[in-house]
Amino acid sequence: MHRVPTVVAESGMTVDGWIPVDAMTLETSYPGVFAVGDVTSVGTPKAGVFAEGQAAVAAERIAAIIRGEDGSSEYDGHGLCYLEFGHDEVARVDVMFVSGRPPTGTFDAPSHAIALDKEVFGSSRIQRWFGRAWTNLGTPR
Ligand SMILES: Cc1cc2nc3c(=O)[nH]c(=O)nc-3n(C[C@H](O)[C@H](O)[C@H](O)COP(=O)(O)OP(=O)(O)OC[C@H]3O[C@@H](n4cnc5c(N)ncnc54)[C@H](O)[C@@H]3O)c2cc1C
């Protein structure tokens with residue numbers, strides 16, 4: 001069963017099992033407290049690509065609070081999903097979940113070019129998050 005960690009449930013911040021947030025800023029009903037990713041009821045699918053996009057907005061907003069400024073980042077609900085078709089071909093779904101509207105998106109047919117795009121998507125995050133370069137076999141360079 002998909003649910004928030006016990007520590008979150010016991011925090012008293014959840015409503016119907018998830019933390020409500022402002023869909024644009026990711027701020028909770030507690031001023032200056034933000035929630036991102038699977039614990040929220042923001043309305044996007046519970047996937048890492050959405051958690052990442054939300055985290056960037058929350059981080060900018062928190063940094064602005066610390067600097068005594070007004071944050072300006074707004075969450076756009078954008079996400080990418082890659083679909084493996086074998087034979088080194090990958091398709092891509094590019095979607096946008098905007099609060100109160102039906103999701104919209106595009107589908108790019110499987111190709112070698114998108115397989116390369118997926119590789120860059122993954123390796124760039126390994127590089128940015130952990131400061132390491134990785135090959136497509138997951139072997140440290
Ligand atoms: C099998 C599987 C496959 C998936 N595949 C994809 C995919 O292909 N693409 C995609 O975009 N998403 C995928 N997802 C979803 C993705 O993993 C989640 O949406 C994403 O990890 C959510 O990020 P998060 O930071 O909200 O939560 P998490 O990544 O779950 O991070 C929460 C962290 O909090 C920690 N934690 C919990 N309790 C405590 C505590 N008391 N003290 C300290 N730390 C604590 C946990 O250990 C965890 O590290 C997949 C999920 C699963 C289960």
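Author: Let us start with Leu 26, which is buried because its relative accessibility is 0%, under the cut-off of 20%. Please keep in mind throughout that this is a predicted model.

Reader: Where does Leu 26 sit?

Author: Leu 26 is placed in the loop between α1 and α2.

Reader: And what is its phi near?

Author: The phi of Leu 26 is near 70 degrees, which is a positive value in a residue other than glycine. As background, most residues other than glycine have a negative phi.

Reader: Is Val 21 buried or exposed, and why?

Author: Val 21 counts as buried because its relative accessible area is 17%, and the limit for that word is under 20%.

Reader: How far apart are Val 21 and Gly 43 in space?

Author: From C-alpha to C-alpha, Val 21 and Gly 43 are 9.8 Å apart, while in sequence they are separated by 22 residues.

Reader: Let's switch to the ligand. Which residues are around it?

Author: The residues around the ligand are Pro 5, Val 7, Val 36, Gly 37, Asp 38, Lys 46, Ala 47, Gly 48, Val 49 and Ala 51.

Reader: What about backbone atoms and the ligand oxygens, say for Gly 48?

Author: A backbone N or O atom of Gly 48 lies 2.8 Å from an oxygen atom of the ligand. For Lys 46, a backbone N or O atom is 3.3 Å from a ligand oxygen, and a backbone N or O atom of Ala 47 is likewise 3.3 Å from an oxygen atom of the ligand.

Reader: How much of the ligand's area does the protein bury?

Author: The ligand exposes 1000 Å² when taken alone, and the protein buries 26% of that.

Reader: Moving on to the strands, in which sense do β1 and β2 pair?

Author: Strand β1 (residues 78-86) pairs with strand β2 (residues 89-96) in the antiparallel sense, over 8 bridges. Within that pairing, Leu 83 stands opposite Ala 91 in β2.

Reader: What happens in the hairpin between the strands?

Author: There are 2 residues between the strands of this hairpin, and His 87 takes a positive phi near 55 degrees. Asp 88, in the loop between β1 and β2, has a phi near 60 degrees, again a positive value in a residue other than glycine. Asp 88 is exposed because its relative accessible area of 54% is over 50%.

Reader: And Arg 92, is that one buried or exposed?

Author: Arg 92, which lies in strand β2, is buried, with a relative accessible area of 18%.

Reader: With which side chain does the Arg 92 side chain make a polar contact?

Author: The side chain of Arg 92 makes a polar contact with the side chain of Asp 117, at 2.7 Å. Apart from its neighbours within four places in sequence, Arg 92 is in contact with several residues, among them Leu 80, Tyr 82, Phe 107 and Ile 114.

Definitions and conventions: Residues numbered from 1 in each chain as written. Predicted model: local features only at pLDDT ≥ 70, side-chain atom pairs only at ≥ 80, totals over all residues. Heavy atoms only, no water. Near = heavy atom within 4 Å. Polar contact = N/O pair within 3.5 Å; in protein donor to acceptor, adjacent residues only side chain to side chain. Areas by Shrake-Rupley, 256 points an atom, 1.4 Å probe, with all protein chains shown as cover. Pairing = 2+ DSSP bridges. Helix = DSSP H or I, 4+ residues; strand = E, 2+ residues; numbered from the N terminus. Buried < 20%, exposed > 50% of the residue type's maximum accessible area, 1.4 Å probe, protein only. Contact = heavy atoms within 4.5 Å.
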